[in-house]
Amino acid sequence: MANEISSNSETVPSRGQWASHLGFILAAAGSAIGLGNIWKFPYITGEYGGGAFVLVYLICVVIVGLPLMIAEIMIGRRAQQNPVGAFQELHHKNSPWQLTGWLGVASGFLILSFYSVVAGWAIAYIFKSIVGFSGSPEQIQNQFTELVVSPFDSVLWHSVFMMLCIAIVIGGVQRGIERWSKILMPALFVILIGLMFYGLFFTHGGSQALEFLFKPDFSKLSAEAALSALGHAFFTLSLGMGAMITYGSYMKKSDNIFKNAVMVSFLDTLIALMAGTAIFSLVFHYGMEPGQSVGLIFKTLPVLFKETGPGISVPFFILLSFAALTSGISLLEVVVSYFIDIRGWSRAKATFLLGGAIYLFGLLSAISSITLPFRGKDQGIFDILDFVTTNYMLPVGGLLTCLFTAWVFKRKAKIDEFGSGDTLYRVFDIIIKVVTPIAVIIVLLHGLELLPFMDYGK
Ligand code: PHE
């Protein structure tokens with residue numbers, strides 16, 4: 001049933017709450033900072049030519065990502081519910097807006113199923129790094145192909161990652177998610193600072209990396225790059241699928257939502273830029289090209305790690321695995337919280353059954369030889385799910401959340417939740433009513449290949 005408040009306490013809801021102010025920030029930053037920051041951001045920045053792309057991405061984070069994050073946290077904390085229950089609570093029981101929550105739960109399920117496979121590769125590479133990379137560049141790069149095509153290896157590491165997610169989420173909000181975020185996030189930060197310093201001061205690629213990331217060359221900025229920057233802002237901030245609604249629902253009334261959202265967006269961006277600096281310093285030091293596409297982390301870097309040795313590669317893949325883990329638990333928590341709140345399941349039952357179901361479904365992505373015809377060619381389940389969730393489901397979820405916040409969510413409640421001054425609220429209100437929806441509609445139309453000024457090769 002909706003919103004069970006324990007009878008013996010008026011202030012602590014039985015469904016869980018962060019123990020400290022830092023708890024929310026670390027858990028939410030943990031959700032946001034993931035493969036998106038350390039794997040995807042550097043390779044798309046490399047592909048789209050650096051600085052100008054980074055600048056557009058930063059603008060997107062501020063005018064689209066941040067407002068939407070504020071909106072999601074406000075919805076969650078006001079309703080004290082999982083994403084489905086939140087829209088029911090803030091509108092009415094049979095409200096069609098609950099579809100937004102449903103879409104979020106479905107997105108969480110689908111994203112985790114393939115996210116876990118990539119996260120599994122990251123864990124596998126910790127062990128490969130300990131052994132060390134040897135042989136010719138081709139041989140080192142082939143290791144990755146072998147890992148991906150071997151059903152046994154991919155399934156093994158996917159299993160390990162899902163087990164870790166289940167083990168943490170089963171511990172609950174404070175003793176599972178918060179506790180582990182408090183350990184993993186600072187560790188991640190320390191490792192990344194170390195790697196960045198190494199890149200900046202112990203390689204010859206540092207200044208070139210900074211120039212590549214921060215000196216915009218607008219001649220390289222295509223419409224395609226700008227749209228990818230916008231789409232990526234969504235994925236990297238964990239928006240459009242209720243993760244921030246869920247984490248917001250565990251937030252204390254006394255916490256300031258605006259400041260927390262600024263902090264989480266800032267940390268997410270900072271980590272992406274630091275990871276970019278560390279990675280490109282190495283890439284330039286060894287005279288490689290930055291545009292290495294998807295293979296940047298798992299194919300190009302290992303070739304360079306052969307030179308640096310395990311002192312750099314082991315921490316790097318630990319970093320990647322930690323980042324993926326704190327994001328994976330947030331994806332699982334969205335799904336689990338629905339079954340706890342609405343279906344009244346115990347946390348243990350919900351986590352085991354849903355975690356198990358996601359694991360089984362994820363096998364389809366782990367076994368890369370399973371393909372389906374999609375958009376005119378045979379594609380792996382992994383690619384199809386990645387495409388559908390990132391290009392369709394998250395933007396639709398984000399658009400609905402934005403429209404709900406702008407036009408349905410009661411004004412008085414919004415002001416109350418927002419927390420920071422009048423003027424700031426008014427700016428937020430205008431952005432969420434005008435700027436964010438327009439930006440999200442553009443991302444969506446681009447995902448559907450329907451933007452009039454783009455050439456989709458048809
Ligand atoms: N933000 C995560 C990342 O950058 C991915 C994610 C998306 C997590 C949506 C939760 C929800 O890797």
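Student: Which backbone oxygen does the side chain of Thr203 reach?

Tutor: In this predicted model, the side chain of Thr203 reaches the backbone oxygen of Gly199, at 2.5 Å.

Student: Where is Thr203 found?

Tutor: Thr203 sits in the loop between H8 and helix H9 (206-214).

Student: Is Thr203 buried or exposed?

Tutor: Thr203 has a relative accessible area of 8%, and buried means under 20%, so Thr203 is buried. Leaving aside neighbours within four places in sequence, Thr203 is in contact with Tyr198, Ser281, Leu282 and His285.

Student: What about Ser95, where is its place?

Tutor: Ser95 belongs to the loop between helix H4 (83-90) and helix H5 (98-131). Its relative accessible area is 1%, so Ser95 is buried. The side chain of Ser95 reaches the backbone nitrogen of Trp97 at 3.0 Å.

Student: How many residues of H4 are buried?

Tutor: Seven of the eight residues of H4 are buried, which leaves the helix mostly covered. The buried ones are Pro83, Val84, Gly85, Ala86, Phe87, Gln88 and Leu90.

Student: What do the buried residues of H4 pack against?

Tutor: In general, an α-helix has 3.6 residues a turn, so residues three or four places apart point the same way. Here the buried residues of H4 pack against helix H3 (51-79), H5, helix H11 (243-248), H14 and helix H16 (381-408).

Student: Which residue caps the N-terminal end of H4?

Tutor: Asn82 does, with a side-chain oxygen 2.9 Å from the backbone nitrogen of Val84.

Student: How should I read a positive phi, and what is the phi of Gln80?

Tutor: Most residues other than glycine have a negative phi. Gln80 has a positive phi, near 55°. Gln80 is found in the loop between H3 and H4, and with a relative accessible area of 16% it is buried.

Student: What is the phi of Glu449, and where is that residue found?

Tutor: Phi of Glu449 is also positive, near 55°. Glu449 is in the segment after helix H18 (422-447). Its relative accessible area is 25%, so Glu449 is partly exposed.

Student: Which residue takes a positive phi in the hairpin of E1 and E2?

Tutor: Arg375 takes a positive phi near 50° there, in a hairpin with two residues between the strands. Strand E1 (residues 371-374) and strand E2 (residues 377-380) run antiparallel and are joined by four bridges.

Student: How many residues are in the largest nonpolar core?

Tutor: The largest nonpolar core has 157 residues, and those with the most contacts inside it are Phe298, Phe316 and Phe317. The largest share, 18 residues, comes from helix H14 (residues 310-341).

Student: Which residues is Phe298 in contact with?

Tutor: If neighbours within four places in sequence are left aside, the contacts of Phe298 are Trp39, Val118, Trp121, Ala122, Tyr125, Phe144, Phe317 and Leu320.

Student: Which nitrogen or oxygen atoms of Ser31, Asn37 and Ser238 lie by the ligand?

Tutor: For Ser31, a backbone N or O atom lies 3.3 Å from a nitrogen atom of the ligand. For Asn37, an N or O atom in the side chain is 3.3 Å from an oxygen atom of the ligand. For Ser238, an N or O atom in the side chain is 3.0 Å from a nitrogen atom of the ligand. Taken alone, the ligand exposes 330 Å², and the protein buries 100% of that.

Student: How far apart are Val173 and Ala79, in sequence and in space?

Tutor: They are 94 residues apart in sequence and 17 Å apart in space, C-alpha to C-alpha. Val173 lies in helix H8 (residues 172-202). At a relative accessible area of 6%, Val173 is buried. Leaving aside neighbours within four places in sequence, Val173 is in contact with Arg15, Gly16, Gln17, Trp18, Glu178, Tyr250, Glu333 and Arg347.

Note on methods: Residues numbered from 1 in each chain as written. Predicted model: local features only at pLDDT ≥ 70, side-chain atom pairs only at ≥ 80, totals over all residues. Heavy atoms only, no water. Core = buried A, V, L, I, M, F, W, Y, C linked by side-chain atoms within 4.5 Å. Buried < 20%, exposed > 50% of the residue type's maximum accessible area, 1.4 Å probe, protein only. Contact = heavy atoms within 4.5 Å. Polar contact = N/O pair within 3.5 Å; in protein donor to acceptor, adjacent residues only side chain to side chain. Areas by Shrake-Rupley, 256 points an atom, 1.4 Å probe, with all protein chains shown as cover. Pairing = 2+ DSSP bridges.
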